Amino acid sequence: MSVTVDQSWVYRFHDQLNLTYQQKGSLLENLIDPGMVHRDVGAAIDHHERLGNVIANDIIIPFGQTRILNPEHSRRAATLQSSDAAVLVSDEHTLRSMVNPQNGYTSTIVMALGRRADKHVIDNAIGGATTAAVTSGSGVITYGTTVLPAGQKLGTGIAITLTNIIGINELLSKAGVPNGAGERIMLYSPGQLRDIMAIDFTKNQIHDRGTINGLQWEGLNWIEIADVVDPSITVLQRMLPLASTTRSCIAFHRGAIGLSIGRDINTKINERADLNNAIQVRSVMMMIAVRVFEGGVVQLDVLEN
């Protein structure tokens, strides 16, 4: 047998690209009340109408003057934001790698847009909310900003406690926020997991699962939001706000946040004649979120381990 026979061996390579661990699509879009989601918005600015609570009048005089209720009617404005994600794949990439990377890249950039959608919801849940008012007589719309009230913020940067969680529900309930199953959402990061697990979860058997993610506990639906990291575990994007060792977790009611979508995620794969006929994989979307009701959102600042 020839001593160089090994040069003819056939080497087997996997015919797929392995994607870095990542979430698939938006975690938060489906948690928003469908009634608060506006789709196919064909405008630069969308408006979410707000109507205040009122209480009915008792009738004191059977044939007296009817007393008219006057619920406060106001609105929040959402300026839509376009986002995209694109990669180039050349013929040489395909030939040299012996795989077709388009499907892997397409999945990756669609997931990237899902994370961007979540980031919009997170930032606008606790950030400044744009208010819109119509000037009487002229009909001119003027805009302002409303910040999340200090009374809707809890925590001092120490480890999350049961008292914190009870405090969240107390604030939401005082604002009249519904507390049915799945109505109240709690967003936390993996940096709070050890402190959350230190609270007694015997009844819920959470230690058997090793996580509280996706479970209902203390009237809250717990959702874990991880930062975006690359394969070397370098952080590319903080999702829930982090300042030094303090992470801002967010509790909200499904109907407290409005979502305006001008264009759902749309992906195109086409040739770029200006780049040596490289294949461009590009996904785009247009959307934004806005806090509609302050009483339905609570920011909790706790220790990040």
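Q: In which sense do β15 and strand β16 pair, and over how many bridges?
A: In this predicted model, local features need pLDDT of at least 70, side-chain atom pairs count only at pLDDT 80 or more, and totals for chains, interfaces and linings use all residues, with numbering from 1 along each chain as its sequence is written. Strands are DSSP runs of E, at least two residues long, numbered from the N terminus, and two of them pair if DSSP finds at least two bridges. Strand β16 covers residues 278-291, and Asn270 stands opposite Gln280 there. The sense is antiparallel, and the count is 13 bridges.

Q: Which residue in the turn of the β15 and β16 hairpin has a positive phi?
A: The hairpin leaves five residues between its two strands. A phi of about 55° falls in that turn, at Asn276.

Q: Which strand pairs with β15 in the parallel sense?
A: β15 spans residues 257-272. Its Ser260 stands opposite His38. The parallel pairing has two bridges, and the partner is residues 37-38, strand β1.

Q: Which residue in β6 stands opposite Val134?
A: Strand β5 runs over residues 129-134 and is antiparallel to β6. Six bridges join the two. Opposite Val134 stands Ile141.

Q: Why is the pair of Tyr188 and Trp222 called edge-to-face?
A: Side-chain values use heavy atoms; hydrogens and water are left out. Rings of Phe, Tyr and Trp (its six-membered ring) pair if their centres lie within 6.5 Å; planes under 30 degrees apart are stacked, over 60 edge-to-face and the rest tilted. Tyr188 is in strand β8 and Trp222 in strand β10, 34 residues apart. Their centres are 5.8 Å apart, and the pair is edge-to-face because the planes stand at 65°.

Q: Which residues form the one aromatic cluster?
A: The whole structure holds two aromatic pairs. The pair of Trp217 and Trp222 is tilted, at 5.8 Å between centres and 45° between planes. Together the cluster is Tyr188, Trp217 and Trp222.

Q: Is Tyr188 buried or exposed?
A: Buried means under 20% relative accessible area and exposed over 50%, with partly exposed in between (1.4 Å probe, protein chains only). Trp222 has a relative accessible area of 0%. Tyr188 also comes to 0%, so Tyr188 is buried.

Q: What share of the 305 residues of the protein counts as buried?
A: The chain folds into five helices (H or I runs of at least four residues) and 17 strands. The buried share of its residues is 38%.

Q: Where does pLDDT stay under 50 with seven contacts beyond four places in sequence?
A: pLDDT is the predictor's confidence in each residue, from 0 to 100, and its mean here is 86. Residues 4-8 also stay under 50, with one such contact (heavy atoms within 4.5 Å). Where pLDDT is low, the predicted coordinates should not be read in detail. The stretch with seven contacts is residues 95-99.
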